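Biologist: Can you walk me through this one? I'd like to start with the charged side chains.

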Amino acid sequence: MPAWASADFCASLVRLAPSSVAVYRRDLNAFLDWAAEQSLAGPEAVTRKDLRRYLASLTRHGYAARTVARKASVLRRYFRWSTETGRCPSDPCVGLSVPAGVARLPDVLTERSVESLLAGQGPATSDDHPLRRLRDDAVLELLYGSGLRVSELCSLRPADLDLAQSRMRVTGKGGKQRLLPLSAPAVRAVQRYWEAEAAARAGEAVGDDAALFRNLRGRPLGPRDVRRILDRRASEPTHPHALRHTFATHLLDGGADLRSVQELLGHESVGTTQVYTHVSRRRLRSVIETAHPRG
């Protein structure tokens, strides 16, 4: 649909992760399909009334309020871009309001679940390949011990880690870098993995830009590979991002201040980090209710 310039819009989203761009593309294409049914030929033909009709149709078709709010956010960004690039005389999203829906608190693992996961006590670890077992140990220690995003973990290179100083350089959203401490268990796990991999791949030429974590065929791990690690190791369904949530919540439970957690997570706004204070308070309330005589 050249008139809509959807490909150009998606190409402009340079600060977003590829997975986020894919969501924008999918949500925008869904709107463009609807617009074609309404005989809307381009962004200049869309009015605020059209957008309200579209969002209302999503609600009628059973989409959750949070999903509708996300799709509205995509449209706001698209029409702002269309206006700024001269494709639309005025922004039809101005004044468009959509209920944001109820925010869902992130899933957080218990300390016992984390210990079981890191110890490799899941159902599929007893006959695991030794090198893969060591790699998975290191992956999980970094996800939980430093609160990494999966994309950040997959982009790590050996040169990014300084095991002697127990720290690493991480490239986050928008290419922004931050220096993070490495936990002692993570340092040990990475060291064991490095030594085992070096022995297993003796004589193999490896460039400086090679991925830190690779599969048994030497290919870099991707987000799906990390998800499969959790599927093998966890005793119950767990998403890799839950380890990041757990990292932040356990820090706050332990008395860490919000600004420090914000810096560790790489959040631009402390408001994004504040959701974990709600999780921490909920957990503390649960402890009181179950453990205190007058809970």
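Biologist: Is Arg135 buried or exposed?

Modeller: This is a predicted model, and in it Arg135 counts as buried, at 5% relative accessibility.

Biologist: Which residue forms a salt bridge with Arg135?

Modeller: Asp136 does, with the closest N and O atoms 2.8 Å apart. Asp136 is buried too, with a relative accessible area of 0%. Side chains of opposite charge can pair when their charged atoms come close.

Biologist: And what does Glu152 meet in a salt bridge?

Modeller: The side chain of Arg149, at 2.5 Å from N to O. Glu152 is buried at 1% relative accessible area, and Arg149 is buried at 9%.

Biologist: How many salt bridges are there in the whole structure?

Modeller: A search finds 17. One of them links Arg87 and Asp8, where the closest N and O atoms are 3.6 Å apart. Arg87 sits in the loop between helix 4 and helix 5, and Asp8 in helix 1, so this pair ties together parts that are 79 residues apart in sequence.

Biologist: New topic. How many disulfides are there?

Modeller: The count is zero. Cys88 is in no disulfide, and its nearest cysteine sulfur, that of Cys93, is 8.7 Å away. A disulfide needs the two sulfur atoms within 2.5 Å. Cys88 is buried at 5% relative accessible area, and Cys93 is buried at 7%.

Biologist: What about the nonpolar core, which residues have the most contacts inside the largest one?

Modeller: Leu142, Leu148, Met168 and Phe213, in a core of 34 residues. Helix 6 gives the most to this core, with six residues. Apart from it lies another core of 28 residues, including Ala5 and Leu40.

Biologist: What does Met168 touch?

Modeller: Leaving out residues up to four places away in sequence, its contacts include Leu142, Leu148, Arg178 and Leu180.

Biologist: Which residues of strand 3 are on the covered face?

Modeller: Arg178 and Leu180, while Gln177, Leu179 and Pro181 make up the uncovered face. In a regular strand the side chains alternate between the two faces of the sheet.

Biologist: How do strand 2 and strand 3 pair?

Modeller: They pair in the antiparallel sense, over five bridges. Thr171 has Gln177 as its bridge partner in strand 3. The hairpin has five residues between the strands, and Gly174 takes a positive phi near 70 degrees there.

Conventions. Residues numbered from 1 in each chain as written. Predicted model: local features only at pLDDT ≥ 70, side-chain atom pairs only at ≥ 80, totals over all residues. Heavy atoms only, no water. Buried < 20%, exposed > 50% of the residue type's maximum accessible area, 1.4 Å probe, protein only. Helix = DSSP H or I, 4+ residues; strand = E, 2+ residues; numbered from the N terminus. Pairing = 2+ DSSP bridges. Core = buried A, V, L, I, M, F, W, Y, C linked by side-chain atoms within 4.5 Å. Contact = heavy atoms within 4.5 Å. Salt bridge = Lys/Arg side-chain N within 4 Å of Asp/Glu carboxyl O.
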